[in-house]
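Here is a short tour of one structure. Take a look at it before reading on.

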Amino acid sequence: MTALTLPPLSLYVHIPWCVQKCPYCDFNSHGQKGDIPETDYIQHLLADLRQDLTHYADSIQNRHLISIFIGGGTPSLFSAQGIHQLLQGIQEQIPFAPNIEITLEANPGTVEAGRFKGYVEAGVTRISMGIQSFSDEKLRALGRIHNTQEAKSAVGLAQDLLGKGLKSFNLDLMHGLPNQTVEQALEDLRQAIALNPPHLSWYQLTIEPNTLFAYRPPTLPNDDELWDIFEQGHQLLLSAGYQQYETSAYAKPNFQCQHNLNYWRFGDYLAIGCGAHGKLSFADGRIIRFSKTKHPKGYMRGEYLYEEKIVPEIDRAFEFFMNRFRLLEAVPKAEFTALTGLAESAVKNEIIWALEKGYLMETQLHWQITEQGKLFLNELLERFLSE
């Protein structure tokens, strides 16, 4: 195997509990029944990390964490004291980079929003709020337990913390909701823009298998309406000073999510918690993907590692471009070789085809996805799939 350059290293932490499961959600989440075993679960997370740092020591080497993302579920069901204990326990095991970004996903409900200040004091530098819509009717259809007023109040709390330990916050907003008109979708977006978040994740609702919506599908906007929503919404965002840097992510200049950038740039990430997925590179040329036990019962018996597999060389081009082409920035050719161990010649025919189709542009040092390439991303990526 060809030696690899070790990329930046992040950490994903999964907290699996929610107050209730949303009908569109296919994440590994579990409705809350009684008290959440916060203290015990944090101890298991730290033991899981300890095990990984030993098991994957050849990969970790002297790398520092550039970002941590605490996702779920609903991590803001945990107390600020618990999050402080978790972050302190992580830092005792692996050093943090000087400007580490630490994101916590939060619900904008009143109880959790009131904890924002405590989370920032615990070390959180970025809060990501699952707003989804500013229509109470649509929120009910989505099974959300907050209302519009609570959402706006939570955003106000985050705004007040900017520059006081909090460096950024994100609003998650969905479009293409059940029975949503183009105007309703754009009005949601206008209300989000008016709140002036540094970062907006604006994405289309999709019906995922094994969700309540999959069993009882709602009526969604048609393809023409979805296109109008995207085209007009995209222009609204650009006019408001947001830059699209990833398929469904928009940010004010210098406010891109560093954790997500590391994912899409084919960086490495440790993963702890129920059902968490990680990816690590080794200097000897191996790339592995691994996942953790999904159900809290098994996980909290200390059965952390569920699956581990080496990414074969034949799949690496597809995996690299599947991530890289989600970003709109140019792809350095040198990174393709450094991070996959493959020579440029391994994808020569696919690149020629993509150039001829107008899906890519090429310079001596970079590949750049085009507007056409974004529209036909699935077709472009399929060319890199191994037979």
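H1 and H3 cross in a right-handed way. This is a predicted model. Helix H1 covers residues 38-55 and helix H3 covers residues 80-91. They pack at an angle of about 15°, and their axes lie 10 Å apart. Because angles under 35 degrees count as roughly parallel, H1 is roughly parallel to H3.

On the H1 side, the contact is made by Glu38, Ile42, Gln43, Leu45, Leu46 and Leu49. They meet Gly82, Gln85, Leu86, Gly89 and Ile90 in H3. By class, the contact of H1 with H3 has six nonpolar, four polar and one charged residues.

## Helix H8 and its surroundings

Helix H8 runs over residues 182-194, 13 residues in total. From first C-alpha to last it reaches 18 Å, close to the 18 Å expected at 1.5 Å a residue. Its buried residues are Val182, Ala185, Leu186, Asp188, Leu189, Gln191, Ala192 and Ile193.

## Phenylalanine 336

Phenylalanine 336 sits in helix H14, residues 333-340. Is this residue buried or exposed? Phenylalanine 336 counts as buried, because its relative accessibility is 0%.

Beyond its neighbours within four places in sequence, phenylalanine 336 is in contact with residues including Ala317, Phe320, Phe321, Val347 and Trp367. Alanine 317 is 19 residues away along the chain, and the two C-alpha atoms are separated by 8.1 Å.

How values were computed: Residues numbered from 1 in each chain as written. Predicted model: local features only at pLDDT ≥ 70, side-chain atom pairs only at ≥ 80, totals over all residues. Heavy atoms only, no water. Helix = DSSP H or I, 4+ residues; strand = E, 2+ residues; numbered from the N terminus. Expected span 1.5 Å × (residues − 1). Buried < 20%, exposed > 50% of the residue type's maximum accessible area, 1.4 Å probe, protein only. Axes fitted to C-alpha atoms, helices over the stretch in contact; angles between N-to-C directions. Parallel < 35°, antiparallel > 145°, perpendicular 65-115°, else oblique. Left-handed = near helix turned anticlockwise from the far one by under 90°. Contact = heavy atoms within 4.5 Å. Nonpolar A, V, L, I, M, F, W, Y, C, P; charged D, E, K, R; others polar.
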